[in-house]
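Here are my notes on this model, as numbered points.

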Amino acid sequence: MSNLPITQIIVSLVGAALLLTPQAFAKEAYQPAGATSTPKVEARWNFYHDYSQVTEMLHQLVTAFPNLCKLESLGKSYEGRDFWVVTITNFTNKPETEKAGFYIDGAIHANEIQGVEVSLYTAWYLCEMYESSGFVRKLLDERVFYIIPMMSPDSREAHFYEPNSTSSPRSGQRPFDDDRDGLVDEDGPDDLNGDGHITRMRKRDPNGRWKEHEDYPGLLVMADADEVGGFLRLGREGLDNDGDGQVNEDGDGSYDPNRDWAWGWQPGFIQRGALRYPFTLDENRMAAEFVMAHPNIAGAQSYHNTGGMFLRGPGDPDDRYERGDTRIFEAIGKRGEEMIPGYDYLVVHEDMYTVYGGELDWLYMMQGILTFSNELWTSFNYFNTEDESGWFGSRETKMKFDEYLLFGDGFVEWEEYDHPVYGLVEIGGQKKTWGRQPPSFMLEEECHRNMAFTLYHADQMPIIEIDSVDVQDLGSGLMQITATIVNRKLIPTHLGVDTKNNITRPDLVSLVGSGFEVVAGFSSSEQFFERPTEQRLNPEVLELSRVGGNGVMYVRWLVKGTLPEAVTVSSVKGGVDRKELE
Amino acid sequence: MAKYSIPFAALFISLCALQPSLAGEPIIPGYLDYAGISAKVKELGQKEWAEQSTLCTTTGGRAVHLLTVGIGDAESKPAIAVVGSVVGSHLLGGELCLRMAEELLADATEGGAAMELLKRNTVYFIPWLNPDASAGFLDSPLWERTVNLTQTDEDGDFRIDEDGYDDLNGDGLITMMRVQDEAGTYRTHPKDSRVMIEAEEKDNETGSWKLFSEGIDNDGDEDFNEDGPGGVDLNRNFPYNYPHYGNAAGRYAASEDVTRAVVDFFYDHNNIAMVYSFSPEDNLMNAWKTKGGDPKGKFYSAVHKDDAAYFAYFSEQYKEIRKENGQDKGAPKSPNGAGSFTKWAYFHYGRWSLTARGWWLTKPEEKKEEKEAKQEVEANDSAKLADAEQPTASEEKPEAKPEEEPEEKLEDVGDRGKDDLAALAWMEEAGLDGFVDWQEVDHPDFPGQLVEVGGFKPYLRLNPPAGMLDGLGQQHYAYLLELGSLLPHLEISAAKVEDLGGGIYRVTVEVSNLGYLPTIPAMGEVTRSHQKLQLALELPPGAELLYGAQRVSLGALAGQGGIQEVTWRIRAKGGGELALRAWAPAVGEATATVNLDTGNFTQGVAK
């Protein structure tokens, strides 16, 4: 290049610049309503990210948005993978601890894989939209999001790359002796035909009581009492690996990471899936310790599948959520029903089943956090109609969907296989890639709608503010300073469960400065101080047990000396505020 | 009562300066401190059949010691876990635990009872479950420490350890504090003005004292000593019936490293068949009872109905042994511990869980002459204190307190203060200086009011004088041997071969339990935390199994001859010998062979 004439060099440089930044000269990109079409971190939301792809995108976000996004590994999973938490907020305006926090985690049941996608989409969306969306900007200026996208990283990898069904693995990869015979994971399902899916086995048998479905011959249905069947059903693909006469009785753990949390925990014989004690699993322990170290967390969402639900606790029929709190749950949940067609606001033990030691109960009962768990994906989505046959939709609906929208990509055709125990059988059935999770073209909508619900929820977290301060001279060197403290959000600074159990300290309203002496301090729920509460101990810092949702509290000091500089208020879950006195 | 004023400032010692007492005897001389316990475990660990290890290291840097006593592969034998000092202040437990280990090792010679036990069983000893709490008995000022060193906010005011006890009279002990006040609800006992009792409103009694633990209101919140240093009582931190938000229970069930290390140890040692521990939550004097039927609801609050008779039997056997020094009745009631280790071991872990207080202070009941006679004999010989509290044979009913004594008519206050009076009487009898007489102090929180500090010294009502330890150790060791003899005893008791012709055989094998106890408590079958009893068979070359699996899970076998049968159909052209093995880690192992040609059955032929 050194031999080229200088003009040529300039021309080449200009040309290079043009090539590198076509936008500089091109028209502004057409931006669809919703997300940006020109993100800093390129992303597609119609496929599932494996562990390393999630990890890579989190790193890309940190590089692209250093003032909005931080990434930390809380430790290693059982198999040694980093356990990521990503923190998203405007890091340049005020300390993270002075903002209400919102906690999100995804896919504690690893097979419920889209929980990770919604979490990752949320991280990406918040970063990418900070500049262009006033709503997102306000959220990140005022709040902080803590996202653990993969609660069960090892089993996510197992679901992707080992033979499984849409329902497995629900556990992590830590081995346990499920059948208590002294051997560990010695007899799980086997991918006999090597297609990566654990499907079903059936055997043609003139005396079998099952027959092929009239419209969908891939399905077996019970033969009528007066007709001949033709098939035996033989359960999941597998062998009796350990020679104990049972097929598939001890595979990947039957434990349940969402029965491992420290509220109302009960052991396995009462609560199937529980282990030795709360937080037996390191992944849960890391997440729980993170939450306990961030008492500013006021809202939480734990993404599961399936069935289209906004779930709240309690999971234990003997527990009761505080009445004032349930009204807030209901207000948010009912809004969600409008935002996501086919989803319902439900209570775990009333509408599903009893759960002891579930994560959402721990977050609410022990940490005082208003928590929802969305059960992502609903059979409503197949044809945008209610399917009456439960959370998964009927088999016929799925076969129809497979035929007309997946063009047969959703099922493994039945094929013959020579089984060492059962002889000639057939193997086939639904692939692991859908059923509980959306097919490619529906994934982005699922991510966006659920994120939107969660951002609505996050926007309801408390913000404590000093609305006004009034100073009156009472004569003889005595001043009366009255401050009005408000919270213009739906969620109070302390939920009922929080004030009941002293989970977080009271909100503190203080006078700042020097040269003054507080003679007495009062708080009142009404502005006339007709029945004020006097705080005898340490009245300089007045304690408010809570400021309600869209609530107001009044505090008043009688002060001698010089005028204090300012009033400050500090709430663990509601942030801080300060107003100067003049 | 001596009343003298002590200048407050001069004698006030803050608990912030937590140091071992430098001067004077420990409160309970002769008990091992942490270093002593560690040295003893190490010494025993060097003996034949013994091995020392560490379960976990505490916040305070102390080891939770484990001493394993077993012959050969310890984990392959059904085991008894002996756990001392489950409650930190119950130092007796650790002392007994080590004495039992020492006796067992000394006794383990051919032909001895200990050898009989060790041939079939392993014994795990954990002398101090909560070393950070137990080590506290040398602290000054001294209080009965049951909590570890985890920082906690006991009073939920979001300040940590801001108002602990204060030693107002400078005696190095935290006792009680009474404040003369018309609004008080306490009064003195008519029989002994040292004893404070609550005034009963219904009897129109009036109190004249307020009663607090010794201290000042350090943080000015008008509560006394509501948030002292530490911590978590591990015996409230186990996951059975865990008291959420409970005092000293920890942040959540099994929040403490030691709790988890202990639970993990037990689950990882599936060979443990029985847990024999020491704790005030005694169930050997107060046998656990059943509520009958199948328990409803989410947890079992009483023992399984099929286990109740065994708990009663354990208790009878124990009382038999404790008769020797008269502690076969009159034991205090057990605290119903939420989150306790002992309950966890039965209700979650599903094994026999037996726990002994080991000793309690009994009110001397002797008639005057006998009492005097005895005192002469024993004088100050503290080594014989065990005998000193032995009631005479004539006293069948210690509860029937004679009222015929021609004393001056004292006001009857019922049972109030009864235990305190008994304790004072016992201490007097035993020559033990266990009570700090009330003495006046100046108190900054009660200007112008009479404030007195006094009361029972810590530790002495829960732990006997050291002179009694050897005797108690022997009794509890004898009971350990007794427990060992009750464990299940597995046998392949019979095998029948039927030649069906054509090289086909029907083989029926019988597995029996000859021990007193069933192979697993009924509760264990419910909790399913044990490894199942299995029977496996090995075929001779050329044979194949037609029906039946090579490895079969058996249900529980009842005690004293419980039997289960398994049948296989085998095709074996050339006949040959089958090898049989029945085993479960917490039950043991039995082997046998049976010959298909001859039907010859031989027990105990190990593969």
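1. Two strands count as paired if DSSP finds at least two bridges between them. Strands (E, at least two residues) and helices (H or I, at least four) are DSSP runs, numbered from the N terminus. The model is predicted: local features need pLDDT of at least 70, side-chain atom pairs count only at pLDDT 80 or more, and totals for chains, interfaces and linings use all residues. Residues are numbered from 1 along each chain as its sequence is written, chains are lettered from A in the order in which they are written, and side-chain values use heavy atoms, without hydrogens and water.

2. Chain A has an open, mixed sheet of eight strands, ordered 1-2-4-3-9-12-10-11. Strand 1 (69–76) and strand 11 (344–347) of chain A each have a single partner strand, so one side of each is left without a neighbour in the sheet.

3. Strand 10 (309–312) of chain A runs parallel to strand 11 of chain A, joined by four bridges. A:Met309 stands opposite A:Asp344.

4. Chain B puts 34 residues in contact (heavy atoms within 4.5 Å) with 38 residues of chain A. The two chains bury about 3,200 Å² between them, 54% of it on carbon and sulfur atoms. Buried area is the accessible area (1.4 Å probe) lost on putting the two parts together, summed over both.

5. Three salt bridges link chain B and chain A; each needs a side-chain nitrogen of Lys or Arg within 4 Å of a carboxyl oxygen of Asp or Glu. One pairs B:Asp268 with A:Arg276 at 2.7 Å, N to O. On the side of chain B that touches chain A, helix 6 of chain B gives the largest share, five residues.
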